[in-house]
Amino acid sequence: MSKPVVLIAEELSPAPVDALGPDFDVRNVDGTDRPALLAALADASAVLVRSATRIDAEAIAAAPQLKVVARAGVGLDNVDIPAATAAGVMVVNAPTSNVVSAAELAIGHLLAVARHIPDANASLKAGQWKRSKYTGVELYEKTIGIVGLGRIGTLVAQRLAGFGAELVAYDPYVTPSRAQQLGVTLLSLDELVQQSDFITIHIPKTAETTGLIDAQMFAKAKQNLRIVNASRGGIIDEAALFEALSTKRIAGAGIDVFVSEPPTGSPLLDLDNIVVTPHLGASTDEAQEKAGISVAKSVRLALSGELVPDAVNVAGGIIDPYVRPGIPLIEKLGQVFAALAEGPLASVDVEVRGELADYDVSVLKLAALKGIFTNVVSENVSYVNAPLLAEQRGVTVRLITDSVSEEYRNVLTVRGALADGTQASVSGTLTGTKQIEKIVEINGYDVEVPVAPHLVVFTYDDRPGIVAVYGQKFGEAGINIAGMQIARTSAGGKALSVLTIDGPAPEELLEDIRTAIRADSLREIDILELG
């Protein structure tokens, strides 16, 4: 019996090959040579790539025996995940392989921008001796703001503790007790920007975080602020950063990531108070070797049919066909829940009621957590690392099953207690022969609306004319309301409206509506197809 073919499409260290062991026929190909790659994929069961090899729909179609694509690194821009999922091909990466390297690079940038190390180096090599020109500042007893206390942000905090600095952080999903364990004081983003001498950013890039650090934020900052971004390009508004640096509104910056890479023609590159590197967060020997070994182990698991910790598009293990349709639904409910939960979580209950309770539904708890943390953390969230993310944040998680479901055949609920004692919940079900995904409850209000990419959820005092007000404002903005449902506790009491809209709504419009109807809360929720 022939061994499964494992194709290595880019140069890796010997360690991944050793980790694969003798049970596979390991072959090599230049992944950038397209014809050679497509030919080599014909009998491959697995392919290992880094960033240069493109595994798209064409490549997957050329590989009828392919079971797993393994990216020896974090980013998956070169892998067509929807095409892989449609073909039943598992995609795995190494989400934790570069966390230490990324944290150390951020600290390197902090020191480089504080002490002018790159410019001083270039000056001395040019034959100049200008000690006074490169007088810097210490980190000792300064206030360092950490935006995002996920895995990398936590490593940064732990390492900065030895510098004798005062550490503050902004992360709405971290409890004060967890922050206290790290020796960090939680602040609002405005407070952090106003108080910090240094800021380092460690959050994912989402619709909410793009341009998070903008001109308004720089206007609130100290003039001696030095800011570092080694997470994702675009979290800092680059035009605003250029203005702040060129006018000396802030003292300096260290940037490893850009909106466009390479940042050809960026005016930032012409400034003398910025330190730049070409996206080096994962560029260490150790990170590359960890990534290779990690995905090699995942390939072994995938080809033996076992649970794969770092699968990004499927849950490992055997899942009953009756349970499987609930996975994408509860992932989306998790995203809605995360958007509704306006503060750090203390606990999460994943409730499964109805006929599904008779099956092994443990994957639904993992899927719910994956949905909750998808837009919360900078790491790639998988079904296996999602519980770890909850544990790191001090969030207790329970799976509750009950074979009784009074109104629907099956109901899935994500319910949680926030650190301030309040609760949030969202429930959903699958209806009809086409298994249409619907939301049937939000924070105790009974609704029945299809799950859609763009939702707006708001509560207010029930009174006449409210629908006309927000309907007109959406219409004037050219945004179509595709569906709407209103639920209320009683006539004249509190009401909840859920709208499905055809596209995202600008924050200015939402704020205008919030003010016009005197809403208690108003949230736009953009739901991703995680796959």
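Student: In which loop is Pro262 found?

Tutor: Happy to start there, and keep in mind that this is a predicted model. The peptide bond from Glu261 to Pro262 is cis, with omega near 0 degrees. Most peptide bonds are trans. As for its place in the chain, Pro262 sits in the loop between β11 (252–255) and β12 (274–276).

Student: Which residue other than glycine has a positive phi, near 60 degrees?

Tutor: Most residues other than glycine have a negative phi. To find this one, look at the loop between α11 (238–246) and β11, where Lys248 is found. The residue with phi near 60 degrees is Lys248.

Student: Let's turn to helix packing. Are α16 and α17 roughly parallel or roughly antiparallel to each other?

Tutor: Two packed helices are described by the angle between their axes and the distance between the axes. For α16 (residues 466–476) and α17 (residues 507–516), the axes lie 10 Å apart and the angle is about 160 degrees. Angles over 145 degrees count as roughly antiparallel. The two helices α16 and α17 are therefore roughly antiparallel.

Student: What is the handedness of that crossing, and how many nonpolar residues has the contact of α16 with α17?

Tutor: The crossing of α16 and α17 is right-handed. On the α16 side, Val469, Tyr470, Lys473 and Phe474 make the contact, and on the α17 side Leu509, Asp512, Ile513 and Ala516 do. By class, this contact of α16 with α17 has two charged residues and no polar ones, and its nonpolar residues number six.

Student: Which residues of α7 meet α5, and how many charged residues has the contact?

Tutor: The crossing of α5 and α7 is right-handed. From α5 come Val99, Val100, Ala102, Ala103, Glu104, Ala106, Ile107 and Leu110, and they meet Arg151, Ile152, Leu155, Val156, Arg159 and Leu160 in α7. The contact of α5 with α7 has 11 nonpolar residues and no polar ones, and its charged residues number three.

Student: What is the distance between the axes of α13 and α14, and which way do they cross?

Tutor: Helix α13 (residues 326–340) packs on helix α14 (residues 362–373) at an angle of about 40 degrees, with their axes 7 Å apart. That makes α13 oblique to α14. The crossing of α13 and α14 is right-handed.

Student: How many polar residues has the contact of α13 with α14?

Tutor: In α13 the residues are Gly326, Ile327, Ile330, Glu331, Gly334, Gln335, Phe337 and Ala338, and they meet Val363, Leu364, Ala367, Ala368, Lys370, Gly371 and Ile372 in α14. By class there are nine nonpolar and two charged residues in the contact of α13 with α14, and its polar residues number four.

Student: Which charged residue lines the second largest cavity?

Tutor: The lining is made by Tyr173, Leu345, Ile372, Phe373, Val376 and Arg393. By class, this lining has five nonpolar, no polar and one charged residues.

Student: Which element gives the most to the lining of the second largest pocket?

Tutor: This pocket holds about 360 Å³ of space. Of its 16 lining residues, the closest to its centre are Arg353, Ser405, Glu407, Tyr408 and Val411. The elements giving two or more residues to the lining are β13 (345–354), β15 (410–418), β17 (436–442) and β18 (445–450). With three residues, the element that gives the most is β15.

Student: How many charged residues are in the lining of the second largest pocket?

Tutor: The residues of this lining divide by class. Five are nonpolar and three are polar, and the charged residues number eight.

Terms used
Residues numbered from 1 in each chain as written. Predicted model: local features only at pLDDT ≥ 70, side-chain atom pairs only at ≥ 80, totals over all residues. Heavy atoms only, no water. Axes fitted to C-alpha atoms, helices over the stretch in contact; angles between N-to-C directions. Helix = DSSP H or I, 4+ residues; strand = E, 2+ residues; numbered from the N terminus. Parallel < 35°, antiparallel > 145°, perpendicular 65-115°, else oblique. Left-handed = near helix turned anticlockwise from the far one by under 90°. Contact = heavy atoms within 4.5 Å. Nonpolar A, V, L, I, M, F, W, Y, C, P; charged D, E, K, R; others polar. 1 Å grid on protein atoms, 1.4 Å probe; cavity = no way out; pocket = protein on both sides within 12 Å on 5 of 7 lines; lining within 4 Å. Points joined across faces, edges and corners; volume = space filled by probe spheres on them.
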